[in-house]
Amino acid sequence: MSSLRSHTCPFQPSVGRLPARKNLVSIRNFPVPTARKELSTASGNSEERTRSLTVPERRSGRGGLINVQELEERETRERREEVNRKIASRKAISVILRREATKAVIEKKRGPTNSKKLLPRTVLEALHERITALRWESALKVFQLLHEQLWYRPNSAVYIKLIVMLGKCKQPEKAHELFLAMIDEGCVVNTEAYTALLSAYSRSGHFDKAFSILAQMKNTPYCHPDVQTYSIFIKSCLQVFSFDKVKVLLSDMERQGIRPNTITYNTLIDAYGKAQRFAEMERILVQMLQEKDGEPDVWTMNSTLRAFGSSGQIETMEKCYEKFQRAGIQPNIKTFNILLDSYGKTRYYEKMSAVMDYMQKYHYSWTIVTYNVVIDAFGRAGDLKQMEYLFRLMQSERIKPSCVTLCSLVRAYGQAGKAEKIASVLRFIENSDITLDNVFFNCLVDAYVRLGCFEEMRGVLKMMEQKGCKPDKIMYKTIIKAYSASGMTSHAKELWELVKSAEGTQMQKLRPDF
């Protein structure tokens, strides 16, 4: 079977595809040493290990020599950006005030006489706002108000948007009620409407019901499933690693004469890569290259690079990068973030520095993901000086740190034995509006356990209570293990009894949106 490893260039030439630009060289043309890195963490301080990865060298405009022209251009650009920010701020205030006025009007006119005389724009804007924010309960109330208006006419597009929203909010029963109401009102029920309903059930894990809807679509005129229907269903199955159901759906597509498109293939490649099922991933990729309707794009490249890079297969990742570039697929900022993350976690610091030099040369702006990746790399290497410099640089460029950023800082300070630095991170949090989650608190507890700071560790539980977060099993087990290792068996036993009593209640692990 064909494989990425065996092909020198598996991509077939495509008619009409733009050729790669001459000034966009391959990652292998970077000044990267050919020698393999030493995996051992032998003697030598952290600054020597990351000597090749220095931010001032990467960003000459920050830490190196700056000529007068560059400085003037930078000041002009910053002044222009400041003016744009003020204009955007005024517009944002205007939007907020208008939305608040809309809410006030709706609340005021809910009486028996005025509720039917609202302006269409007022109600529709309020409904759109709630659908976008996934506030399904409030959205249904506004939709009920929409129903009461004298100018109301049934619209299938509004119903479909609401059904999709309810699917994202894991409310399939409510979605089914709206679907039936849509039919009762005489709206046209088409493939898109059935696909929205199927998505609502599949997102919630009700696959039997989803397959039942799929069968119903096949027997309903003008509502036959299309490639979008199957792609959405396949994605829902892949999110719970139900690969057997995916095979059934792919076989069904083939029997129906429906060919997968680029989105279908990208979904499969990304899921197989994250599950480290590389044989299936490569088979899907080769199959994609043989199809006319499934040309690879930058999403295909990013999924493939992430799969090999996250598993430490750096050489295979670099070969894939070369092949995608020869096929005319150009990288984006996400591509470079994946390369930086892969090199950083495998301690290829010189290659990581080469990628940053390349980004600087071709004016790729750093995003919060870029900063998080590089900050984490310095933190893991123990180079706190460069890590702190990047954290300050991130704030000077008005990029708001996230929980991922704070986790990297706390983890690095915990490994370096810097309890006072962790306290400075907590002071920074107090003066910011960053929303904390359980992953950050688990990281904070783990750092205090490493340092043996039991008083501060207990303080984390109080902080979580103030922030409205509930400790999960991972945190409790970490604290119990720390107490047991320190001979504090009474504390460990007391906490263990608390965990056992709480197992009857729902103790869920909250995961952040990376």
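Is Asn-266 buried or exposed? In this predicted model, Asn-266 has a relative accessibility of 10% and counts as buried, because the cut-off for buried is under 20% relative accessible area. The residue is found in helix α13, which covers residues 262-274. Leaving aside residues up to four places away in sequence, Asn-266 touches Met-288, Asp-297, Trp-299, Thr-300 and Ser-303.

The overall make-up of the protein comes next. The secondary structure comes to 26 helices and 0 strands. The protein has 514 residues, and buried residues make up 43% of them. Contacts between residues at least 6 apart in sequence were also examined. Of these contacts, 66% join residues at least 24 apart.

The largest nonpolar core has 126 residues. Those with the most contacts inside this core are Leu-127, Phe-143, Leu-162, Phe-440, Phe-441 and Leu-444. The surroundings of Phe-441 can be listed. Phe-441 touches Leu-436, Val-460, Met-463, Met-464, Lys-467, Cys-469 and Met-475, with residues up to four places away in sequence not counted.

Helix α16 covers residues 314-326. At 1.5 Å a residue, its 13 residues should span 18 Å. The end C-alpha atoms of α16 are 19 Å apart, which agrees with that expectation. Several residues of α16 are buried, including Ile-314, Thr-316, Met-317 and Glu-318. Cys-320, Tyr-321, Lys-323, Phe-324 and Gln-325 of α16 are buried as well. Just after α16, Gly-328 takes a positive phi of about 90°.

The buried residues of α18 are Tyr-349, Lys-351, Met-352, Ser-353, Ala-354, Val-355, Met-356, Tyr-358 and Met-359. Just after α18, His-363 takes a positive phi of about 60°.

Positive phi values also occur in two arginines. Most residues other than glycine have a negative phi. Arg-347 is not a glycine, yet its phi is positive, near 65°. This residue is placed in the loop between α17 and α18. Arg-347 has a relative accessible area of 33%, so it is partly exposed. Arg-398 likewise has a positive phi, of about 60°, although it is not a glycine. Arg-398 lies in the loop between α20 (384-396) and α21 (403-416). Its relative accessibility is 55%, and Arg-398 therefore counts as exposed.

The structure holds 1 cavity of 30 Å³ or more. The volume of the largest cavity is about 30 Å³. Its lining consists of Leu-340, Asp-341, Gly-344, Lys-345, Val-373, Asp-376, Ala-377 and Arg-380. Helices α17 and α19 (368-381) each supply at least two residues of that lining. By class, the lining has 3 nonpolar, 1 polar and 4 charged residues.

Helix α19 also holds Tyr-371. Tyr-371 has a relative accessible area of 0%, so this residue is buried. Tyr-371 and Leu-393 are 22 residues apart in sequence. In space, the C-alpha atoms of Tyr-371 and Leu-393 are 9.2 Å apart.

Along the chain, Ile-479 and Asn-442 are 37 residues apart. Their C-alpha atoms are separated by 9.8 Å.

Technical notes: Residues numbered from 1 in each chain as written. Predicted model: local features only at pLDDT ≥ 70, side-chain atom pairs only at ≥ 80, totals over all residues. Heavy atoms only, no water. Helix = DSSP H or I, 4+ residues; strand = E, 2+ residues; numbered from the N terminus. Expected span 1.5 Å × (residues − 1). Buried < 20%, exposed > 50% of the residue type's maximum accessible area, 1.4 Å probe, protein only. Core = buried A, V, L, I, M, F, W, Y, C linked by side-chain atoms within 4.5 Å. Contact = heavy atoms within 4.5 Å. 1 Å grid on protein atoms, 1.4 Å probe; cavity = no way out; pocket = protein on both sides within 12 Å on 5 of 7 lines; lining within 4 Å. Points joined across faces, edges and corners; volume = space filled by probe spheres on them. Nonpolar A, V, L, I, M, F, W, Y, C, P; charged D, E, K, R; others polar.
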